[in-house]
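Welcome! Try each task yourself before reading its solution.

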Amino acid sequence: MALPVEEWRVWAARARRWAALEPALRKRLAAAPLGEALHLGCGLLRPEAEEAALQRLCRRARAGKEPAAARFYREEGNRWFGRGCYGDAVRLYSQAAAHELPGSPEVSLCFANRSAALFHLGHFEVCLEDIARAQSHGYPDRLLPKVLLRKAECLLCLGRLQDAADTLTALENKMAVDGIMTSPAHQTLLKKLRQLTIEIHEKESCPEPAREAHDDTQRESEIWEENGCISGASSSLSLNFNTERGRHLVASQDILPGQNLLREEAFVSVLCPGEGDSLLLQDSSENVWDTQVTNADLYCHHCLKQLLASVPCRGCSYAKYCSQNCADVAWEQYHRTECPLGALLLTLGVFCHVALRTVLLAGFAEVSRLVEWSHGEVKDLCSAEARCKHSSEAPDTRPGTTGIPGCNDNGQYQSSYQAVFNLLPHTEKHSPEHKFVCMLSVVALCKKLQEVGLEAAVLNRDSSAKGSEREAWGKTSAELSPELKIMAEAMLRHVLQLQCNAQAITVMQELGSGDSTVVSKKPVRLATAFFPVLSLLNHSCSPNISVSFSGTAATVRASQPIPSGQEIFHCYGPHRCRMRVAERQQLLSQYFFECRCQACLDELESDAKSVSVRNSFCCPSCQASMQGEDVLCCSNEACALSVSRERLSRRLQDLQQQIKKALELLRDSKADEALKVLLKCHMDARNFLSPEHLLMGEMEDHLAQIYATLGRWQEAARHLERSIRIVEMHHGPSSVEMGHELFKLAQILFNGFAVSEALSTIQRAEEILSVHCGPQSTQIQELQEMKTCLLELPRSILQRT
């Protein structure tokens with residue numbers, strides 16, 4: 001949810017506030033510079049109306065600690081643990097820990113229960129961390145023997161025999177002090193203790209042979225010579241600027257496919273809640289909690305690493321981290337300010353959240369310096385913005401610079417706040433209503449900061465030093481303090497910039513439980529970020545680079561040969577293979593330019609229509625393609641059947657629900673039932689969807705997954721090959737999507753012992769994925785391991801297959 005919730009947008013823009021303003025005031029707001037608009041906006045946010053409406057909406061955003069929710073999630077975790085679904089149990093115990101009040105003894109139960117699930121999953125190191133957390137949070141003394149025994153078992157599994165023996169000694173001493181145990185549970189514990197003691201003695205007398213160390217650092221690193229003028233970029237690139245294309249990167253030498261061109265850490269990134277973000281916006285008067293998993297449960301809110309056993313924030317239930325270090329760093333840099341604002345930030349959307357975090361990371365001194373500079377340069381900024389149709393940049397006219405926006409005094413372009421600030425906000429191109437919503441949202445956020453006493457944290461100052469000034473302004477003042485006005489102006493600038501300059505951090509998220517022999521993944525938008533160097537790249541519907549992400553870092557590689565002098569192009573929207581030129585142009589209008597890339601020009605000249613046919617409906621009677629808008633007519637004149645688009649769209653929605661049901665059955669280990677449902681879906685779909693429709697490809701992929709689960713490898717491979725043909729039509733033969741599908745096919749052929757087919761598929765997958773993901777990616781390593789295993793088979797077997 002990039003923008004504020006719909007109710008707030010409707011209230012602020014269309015239905016209430018904007019429409020009620022005097023025409024002269026609306027005109028003035030539409031033309032006003034950002035600082036003046038904010039000054040006017042402070043008086044337009046009325047406590048009895050807009051602020052009250054926001055408060056009502058914020059009550060739906062459940063970001064606080066709720067012991068009742070903690071009990072619900074802990075009990076659900078126990079239920080899934082009892083069913084042997086330990087991965088689900090871990091996530092539920094994590095949610096329970098996030099809702100417990102800090103310092104409460106119940107939180108120790110969450111960590112202890114989670115340690116049991118982690119032990120069953122074989123994550124012994126993390127299990128030990130959770131046991132330590134449980135003990136440090138006051139785990140009940142009467143339950144401690146069971147946890148200490150689990151600790152000893154973990155240490156034994158990790159080969160730390162002395163530590164395991166010491167733990168058992170401490171456990172025996174505790175049991176002796178506590179007295180004789182006679183209950184069945186205690187007798188079971190004593191029996192297990194004796195068995196574990198014997199295991200330790202046996203391992204000490206017969207030590208395991210030392211394992212050969214595998215040093216991943218010895219892998220051949222990619223050739224890389226960093227650019228002296230552009231931080232994180234390869235020396236094969238140069239930074240150019242002109243009034244038509246703005247800032248852009250050009251190849252300064254011939255570049256080969258797969259060559260690394262840029263590696264950049266995000267200046268700022270904010271985790272997107274994900275598909276289930278509506279679950280965070282429920283009526284808080286109803287004690288109803290959902291167990292649906294969102295990005296907020298799966299990834300660290302600071303470094304974006306995938307979570308196993310999260311460390312919860314002490315102040316809110318929303319922020320979760322992969323380690324205590326990430327929690328501490330986030331708190332010091334920004335979360336101590338954001339934590340009390342959780343509900344408001346969820347209500348106002350990710351763009352407002354990114355804007356706030358950007359100024360917090362930059363610091364008041366740097367923000368103030370650049371805002372002051374912008375006041376003197378506003379006329380130059382506006383004129384430059386009008387000239388640069390395709391750019392996201394404005395020229396920097398400060399003394400000592402090169403004239404290329406965002407460069408420092410030495411002519412270097414760095415991933416810095418100065419570079420972020422110089423991205424164009426396109427103030428005159430946004431609709432007046434949109435700017436008004438953004439302005440009111442920023443004012444509301446800054447007023448909340450002032451009201452709850454967080455102004456000092458925002459300004460990086462000692463709270464006592466600002467006490468008298470806060471008192472002078474007053475907690476309920478309609479005006480913002482001068483310093484907060486500066487921060488608010490920068491935040492409004494960033495919110496407007498994000499429409500054209502936000503970069504989605506995406507990951508390939510694993511579907512299902514993760515214990516399948518064939519790993520199925522889907523791309524997921526994980527976070528929204530500012531990447532100043534990556535923002536230098538202009539758009540093309542047929543780009544010559546591929547972008548991948550690892551945590552908060554973006555890596556750009558050439559996806560095809562790029563001759564010296566050619567511009568480096570990124571794709572902002574749908575690739576030419578996926579959508580017709582008219583549809584692409586409509587989507588790209590949000591970036592305030594009309595795409596004139598070579599792909600669009602070629603398609604406009606040829607009037608190509610093949611892409612639109614691929615995702616179209618076909619005639620339910622004769623399977624010919626359907627044409628039209630609201631009423632679709634069969635293209636076969638002999639048939640001439642007509643049907644409403646709405647009717648076929650409803651049929652498509654029903655089909656998608658049935659597919660979802662089949663996947664739920666598969667997740668519940670009911671593969672045979674899932675297969676029946678999905679085969680029926682496939683038969684129904686053939687009656688009204690074109691054979692190349694993306695959903696047809698997804699169903700073939702799901703069928704392959706089910707057959708693989710059943711060990712029917714040949715049928716799985718046949719369905720996946722059909723899926724691959726559709727993926728190739730929509731994404732291209734050398735796309736990263738093709739690479740991921742070929743990786744799955746290689747897994748199926750490997751497990752099905754189809755050696756020659758597996759080897760050829762592995763080679764195709766390696767060629768594609770090494771270009772997009774690099775030679776050291778996890779998938780490339782797995783492909784190489786499969787190839788090595790197959791090639792080591794006896795020659796007689798290889799000849800037979």
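**Exercise 1. Is His426 buried or exposed, and where does His426 lie?**

Keep in mind throughout that this is a predicted model.

Step 1. The relative accessible area of His426 is 2%. Buried means under 20%, so His426 is buried.

Step 2. Now find its place in the chain: His426 sits in the loop between helix H18 (417-421) and H19.

Step 3. Look at the backbone too. His426 is not a glycine, yet its phi is positive, at about 50°.

**Exercise 2. How do helix H4 and helix H19 cross?**

Step 1. Locate the two helices: H4 covers residues 34-44 and H19 covers residues 432-451.

Step 2. Decide what to look for. Two packed helices are described by the angle between their axes and the distance between the axes.

Step 3. Here the axes come within 9 Å and cross at roughly 70°. Angles of 65 to 115 degrees count as roughly perpendicular, so H4 is roughly perpendicular to H19.

**Exercise 3. Why is the pair Phe617 and Phe688 stacked, and which parts of the chain does the pair link?**

Step 1. Start with the total: the structure holds 10 aromatic pairs.

Step 2. In this pair, the ring centres of Phe617 and Phe688 are 6.2 Å apart and the planes are at 20°. Rings pair if their centres lie within 6.5 Å, and planes under 30 degrees apart count as stacked. Phe617 and Phe688 are therefore a stacked pair.

Step 3. Trace the chain. Phe617 is in the loop between helix H25 (610-614) and strand E13 (626-628), while Phe688 is in the loop between helix H27 (671-685) and helix H28 (694-709). The two residues are 71 residues apart, and the pair links distant parts of the chain.

Step 4. Check accessibility. Phe617 is buried at a relative accessible area of 9%, and Phe688 is buried at 1%.

**Exercise 4. Which residues form one aromatic cluster with Phe421, and which residue lies over the face of Phe421?**

Step 1. Phe267, Trp373, Tyr417 and Phe421 form one aromatic cluster.

Step 2. Arg493 lies over the face of Phe421, at 4.2 Å from the ring centre.

Step 3. For another example, go to Trp80: Arg83 lies over its face, at 4.2 Å from the ring centre.

**Exercise 5. What does the model show over the span that UniProt lists as "coiled-coil region"?**

Step 1. The unreviewed UniProt entry gives residues 645-672 for this feature.

Step 2. Over residues 645-672 the chain is 89% helix and 0% strand.

Step 3. The end C-alpha atoms of the span are 34 Å apart.

Conventions
Residues numbered from 1 in each chain as written. Predicted model: local features only at pLDDT ≥ 70, side-chain atom pairs only at ≥ 80, totals over all residues. Heavy atoms only, no water. Phe/Tyr/Trp six-rings, centres within 6.5 Å; stacked < 30°, edge-to-face > 60°. Helix = DSSP H or I, 4+ residues; strand = E, 2+ residues; numbered from the N terminus. Buried < 20%, exposed > 50% of the residue type's maximum accessible area, 1.4 Å probe, protein only. Lys NZ or Arg CZ within 6 Å of the ring centre and 35° of its normal. UniProt positions renumbered as here; feature names shortened; annotations may be inferred. Axes fitted to C-alpha atoms, helices over the stretch in contact; angles between N-to-C directions. Parallel < 35°, antiparallel > 145°, perpendicular 65-115°, else oblique.
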